[in-house]
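Hi everyone, thanks for making time. Have a look at the sequence and the structure on the screen, and then I'll talk you through some of the rings.

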Amino acid sequence: MLPNVVASTPEVAERPTGQRTDLPERTSGASRSPAELTDSLFEHVAWLYAFCRERLFRDDTKRIISVLWQDQPPPFGTKVVELGCGPGFYSRRLAQRFPQIAVTGVDRSQSQIRAARQRVAAARIQNCLFERVNALALPVADASFDVLIASRIFTILPDHERAVAEMFRVLKSGGRCFIAEPRHGFWASIPLTAMWLLASVIHSGNGYREPKKATVLKPKEFADLFQRFAWKSVRIWQDGRYQYALCEKS
């Protein structure tokens, strides 16, 4: 089994390299209320989101491989992190396809992480692990990963700029990130709407921290998020219902 590359450690940089200095400081989980930490749709109806991720969302595995590695095998020892991994769809597929790389999936939901671990254990994948981590404050040192991937992460994260700053911080020099985001609010909101409806039946009267509608960025808003940081190169494009960003760090 690979070492835990996202181990629970206090070693976190005070400010991401290249981050704008006017961003607010990150806060620790200790200052949040218990309800904010645990009362989540991704805990109460975890299986529904896993179903959506596995069966309904676009599968960009081939696109990720083609864009990041030009359909060539990634170098031995490449460290990959997936932010907001959910049930571990992409982490699992990439690790299974390339046994020479080390993949870490991170997500705030304990239920999603549990499901992801069960799936890789059932498939006997040895180069993939999962950790319950806040994507806005990854407990790793600067320049920890060669590749970062994230899909639909901006639809529910409240602070998009901080998320990109964290992506920039944890990537090595020459590292690249691949981001996929939906372009249309109606389609992007279907999983959240379904989860809210189901949760209201099962747990009537409860409130959850997730929004009832997904946040969808307009093309210029999406592109501007990445232009605010000192990337070596940024490529933005659209394909059908999704928009993509490929960024390389200097």
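Let's start with a question: which residue lies over the face of Phe168? That's Lys249, at 4.7 Å from the ring centre. For a charge to sit over a ring, NZ of Lys or CZ of Arg has to be within 6 Å of the ring centre and within 35 degrees of the ring normal. Arg235 does this too, over the face of Trp237, at 4.0 Å.

Some ground rules: this is a predicted model, where local features need pLDDT of at least 70 and side-chain atom pairs 80 or more, while totals for chains, interfaces and linings use all residues. Residues are numbered from 1 along each chain as its sequence is written, and side-chain values use heavy atoms, leaving out hydrogens and water.

On confidence, the protein chain averages a pLDDT (the predictor's confidence in each residue, from 0 to 100) of 78, and 65% of the residues score at least 70.

Now the ring pairs. Searching the whole structure gives 10 aromatic pairs; rings of Phe, Tyr and Trp (its six-membered ring) pair if their centres lie within 6.5 Å, and planes under 30 degrees apart are stacked, over 60 edge-to-face, the rest tilted. Phe178 and Tyr244 have their centres 5.7 Å apart and planes at 45°, so that pair is tilted. Ring pairs also link Phe178, Trp237, Tyr242 and Tyr244 into a cluster.

Then there's Phe222 with Phe226: edge-to-face, 5.3 Å centre to centre, with 80° between the planes.
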